[in-house]
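Welcome! Please take a look at the sequence and the 3D structure below, and keep both at hand while you read this short briefing.

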Amino acid sequence: MISPSNTLKAILCMILAYISIALMGIFVKLASDSLPSSEILFARFLIGTLFLLPFLAKTRDFRVDLKQWHFLVLRNLAGICSMLLMFYSLKNLPVSIAILLMNTSALFVPLLLLFLKEKTPLNMLACCVLGFIGVAIILLTNLNGTIAISAIFIGLAGAMLAAMAFISLQELNKHNSPQNIVFYFHLLGSLLLPLFFFPQWQFPDTHAFVLMLLVGGFGLIFQLLLTRAFKYAPANVVTPFAFTGVIFSGLCDWLFWDNAPNGNFWLGTLVIIIAVSSLAKIRSRKH
């Protein structure tokens, strides 16, 4: 049984983690005015790599189990592409909608497992359907045509890739150190992004450089707080609090861009929260 103090710590870490990811999203959107998404994401990966490197150097443990190379490749490539699509959606959508779409990744996990012919309970599939009904309700916010539907589907594609990365991560965690998995994810992102996107990049001015540092810093804070939240309590306890980031980013949309989310957005958000929270509870009973 989880102690009340640990539950409180977990909830606090989860709330702060998703406020951090919302702040990262705001700085991504601001930096996107002058820099391509791939260059901003490179800063996110590079700062993570530089932060983690001393810890691995101290333990001298850089090992990774290559017997699971296919899961390692899938986790890294799907994760990098997912974040690239997320950064693109942050550039082209209100921050609150982009962050909410990122949180729908949990809805894709049971569907992908079903596709992989793993037995998936009907109540989990029902939660997925409910969650996508929530997404459909949010699409009604586009009645005035101000939001690009293509950007919404790019955000959903990013969430699906994040779900693929999560499934691979579950397998990798059985035989590898989480710290090593995260390090190689950041290292590979730091190496691959310049290889494919460097011709598009430009030298940032002081303002853009500071924004890139903030993107990397808050992205790293998110990762650290999220890890700590799951250390104190299981997913079914903390998952609903992930949506505090959506509420916070909705407030920021209103304050910085005068773009207050409407009633359809909040109704759709509520439906998605119910669906994702129910999925977390079903998973906890299953395990």
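Lys29 touches Leu90, Lys91, Asn92, Leu93, Pro94, Val95 and Trp257, leaving aside residues up to four places away in sequence; contact here means heavy atoms within 4.5 Å. This is a predicted model, in which local features need pLDDT of at least 70 and side-chain atom pairs count only at pLDDT 80 or more, while totals for chains, interfaces and linings use all residues. Residues are numbered from 1 along each chain as its sequence is written, and side-chain values use heavy atoms, with hydrogens and water left out.

**Around Lys29**
- You will find Lys29 in helix H1 (residues 4-31); helices (H or I, at least four residues) are DSSP runs, numbered from the N terminus.
- Lys29 is buried but has no salt bridge, and Asp253, the nearest side chain of opposite charge, is 6.3 Å away.
- Buried means under 20% relative accessible area, exposed over 50%, and partly exposed in between (1.4 Å probe, protein chains only).
- A salt bridge needs a side-chain nitrogen of Lys or Arg within 4 Å of a carboxyl oxygen of Asp or Glu.
- What does the side chain of Lys29 have 2.8 Å from one of its polar atoms? There lies the backbone oxygen of Leu93.

**Helix H11 and the nonpolar patch**
- Leu30, Leu251, Trp254, Leu255, Phe256 and Trp257 make up a nonpolar patch on the surface, with about 610 Å² of accessible area together.
- Helix H11 (residues 244-257) gives the largest share of this patch, 5 residues.
- Patch residues have over 30% relative accessible area and no salt bridge, and nonpolar side chains (Val, Leu, Ile, Met, Phe, Trp, Tyr) are joined within 5 Å.
- Trp257, in helix H11, is partly exposed, because its relative accessible area is 30%.
- Ser249 is also in helix H11, and it counts as buried because its relative accessible area is 0%.
- The side chain of Ser249 reaches the backbone oxygen of Gly245 at 2.8 Å.
- Beyond four places in sequence, Ser249 touches Ala22, Val95, Ser96 and Ile99.

- Leu107 lies in helix H5 (residues 105-115) and is buried, because its relative accessibility is 0%.
- Leaving aside residues up to four places away in sequence, Leu107 touches Cys127, Cys128, Gly131, Phe132, Ala275, Val276 and Leu279.
- Asp33 is in the loop between H1 and helix H2 (37-59) and counts as exposed, because its relative accessibility is 68%.
- Asp33 and Ala208 are 175 residues apart along the chain, with their C-alpha atoms separated by 9.0 Å.

Conventions
Patches are made of residues with over 30% relative accessible area and no salt bridge: like charges are joined within 9 Å, nonpolar side chains (Val, Leu, Ile, Met, Phe, Trp, Tyr) within 5 Å. Accessible areas come from the Shrake-Rupley method with a 1.4 Å probe; for residues, only the protein chains shown count as cover. Helices (H or I, at least four residues) and strands (E, at least two) are DSSP runs, numbered from the N terminus. Lys and Arg count as positive and Asp and Glu as negative; His and the chain ends are not counted. A polar contact is a pair of N or O atoms within 3.5 Å; within protein, one must be able to donate a hydrogen and the other to accept it, and residues adjacent in sequence count only if both atoms are side-chain atoms.
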